[in-house]
Amino acid sequence: MKTKEILKYLEESVAPVKLSDDFCKKFDMYDNSGIIINSGNEVTGALFALDLTKSAIERAVQSGYNLIITHHPAIYGGISKLDLTDNPLSIALAECLKHGISVISMHLNFDAAPNGIDYYLMRGLGGESAVCAANLENGAYGRIYDVAGTSLKDYIKAVGERFGTDRLRVYGAPDKQVSRVASFCGAGCDDHNIAFAVGNGADVFVSSDMKHHEILALTGRGIAVIEMTHYASENYGFNQIYNKIKDGLKVPSDYYTDGSLL
């Protein structure tokens with residue numbers, strides 16, 4: 001199989017790149033999903049990894065795979081130069097070219113897919129069905145939903161176990177009762193999503209990369225905050241997607257998790 005055939009399978013089984021384009025157009029955002037590097041070679045195997053990093057490339061090389069499928073775009077903005085002395089992105093791109101490794105990145109389209117990363121964040125947090133904050137024709141982002149009632153202390157413990165992380169920053173009384181959760185994968189906290197959580201009766205707000213004034217805006221309204229690492233909030237869902245589609249890839253595959261980032 002060629003890289004373009006793998007991309008076609010990913011689009012048909014999860015979400016097309018067009019969903020990312022629609023997301024950007026509707027909400028005035030930017031993305032760079034799709035084929036980032038195309039070696040032109042037959043695909044010997046595919047490694048799924050949230051980011052294009054040195055360790056992920058090493059795993060691909062060790063496995064004999066020449067395709068890496070990332071969530072975060074391997075190239076996000078324009079590149080004006082390649083510095084192979086100390087720039088991690090430049091070095092990673094050069095290593096891919098050296099080893100004939102192609103790269104596909106599926107970002108906002110995988111976030112907003114009907115069974116995408118934001119959806120699986122909800123499932124991991126205990127939700128089943130939700131009201132969505134941002135709706136597209138064939139996708140959505142940001143959710144609020146009911147969960148089994150428990151204390152914030154016990155809920156945090158369950159979240160850490162489910163997502164395999166103890167790097168959770170929590171704001172709220174340990175005995176606060178939690179039964180309604182608003183969640184946004186990645187860096188999903190802004191004024192619009194805070195208003196969405198407030199207006200829909202959230203007990204706790206879950207996201208990552210949050211700013212101090214945003215945390216104050218939530219806790220000041222009695223909403224607890226669970227701030228996950230960006231990696232943990234998205235790695236769970238990306239792995240769920242991989243497990244769902246891996247048998248249809250028709251090439252050997254594996255999933256790489258960088259535990260140091262969870």
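Author: Start with one term: buried means under 20% relative accessible area, exposed over 50%, and partly exposed in between, with a 1.4 Å probe and protein chains only. This is a predicted model: local features need pLDDT of at least 70, side-chain atom pairs count only at pLDDT 80 or more, and totals for chains, interfaces and linings use all residues. Residues are numbered from 1 along each chain as its sequence is written, and side-chain values use heavy atoms, with hydrogens and water left out.

Reader: Why is Asp-118 called buried?

Author: Asp-118 has 0% relative accessibility. The cut-off for buried is under 20%. So Asp-118 counts as buried.

Reader: What makes the contact of Arg-143 and Asp-118 a salt bridge?

Author: The term asks for a side-chain nitrogen of Lys or Arg within 4 Å of a carboxyl oxygen of Asp or Glu. The side chains of Arg-143 and Asp-118 meet at 2.7 Å, N to O. That makes the pair a salt bridge. Arg-143 lies in strand 6 (residues 139-151) and Asp-118 in helix 6 (residues 117-124), so the pair ties together parts that are 25 residues apart in sequence. Arg-143 counts as buried, at 5% relative accessibility.

Reader: How do you know what is a helix and what is a strand?

Author: Both are DSSP runs, numbered from the N terminus: helices are H or I with at least four residues, strands are E with at least two.

Reader: How many salt bridges does the structure hold?

Author: The structure holds 6 salt bridges. Among them is the pair Asp-146 and Arg-180, at 2.8 Å, N to O. Asp-146 lies in strand 6 and Arg-180 in strand 8 (residues 177-183), so this pair ties together parts that are 34 residues apart in sequence. Arg-169 and Glu-227 also meet in a salt bridge, at 2.6 Å, N to O. Arg-169 lies in strand 7 and Glu-227 in strand 10, so here the parts tied together are 58 residues apart in sequence.

Reader: Are Arg-169 and Glu-227 buried, partly exposed or exposed?

Author: Arg-169 has 45% relative accessibility, so Arg-169 counts as partly exposed. Glu-227 has 8%, so Glu-227 counts as buried.

Reader: How do you know that strand 7 and strand 10 pair?

Author: Two strands pair if DSSP finds at least two bridges between them. Strand 7 (residues 169-171) and strand 10 are joined by 3 bridges and run antiparallel. Arg-169 stands opposite Glu-227 in strand 10. Strand 10 also pairs with strand 9 (residues 204-208), in the parallel sense, over 5 bridges. There, Val-204 has Ala-224 of strand 10 as its bridge partner.

Reader: What is the hand of the crossover from strand 9 to strand 10?

Author: The chain goes from strand 9 through helix 9 (residues 212-219) to strand 10, and this β-α-β crossover is right-handed. The term applies if, with the strands pointing away from the viewer, the path from the first strand over the helix to the second runs clockwise.

Reader: What makes strand 10 mostly covered?

Author: In strand 10 (residues 224-228), 5 of its 5 residues are buried.

Author: In helix 1 (residues 3-13), Thr-3, Ile-6, Leu-7 and Leu-10 are buried. They cover an arc of only 100° around the axis, which puts them on the same side of helix 1. The arc is that of the directions from the helix axis to the C-beta atoms. On the other side of helix 1, Lys-4 and Glu-12 are exposed.

Reader: What makes the phi of Asp-28 worth a label?

Author: Most residues other than glycine have a negative phi. Asp-28 is not a glycine, yet has a positive phi of about 55°. Asp-28 lies in the loop between helix 2 (17-27) and strand 1 (34-37). At 73% relative accessibility, Asp-28 counts as exposed.

Reader: Where is Lys-250?

Author: Lys-250 is in the loop between helix 10 (230-245) and strand 11 (253-256). Its phi is near 70°, a positive value in a residue other than glycine. Lys-250 has 72% relative accessibility, so Lys-250 counts as exposed.
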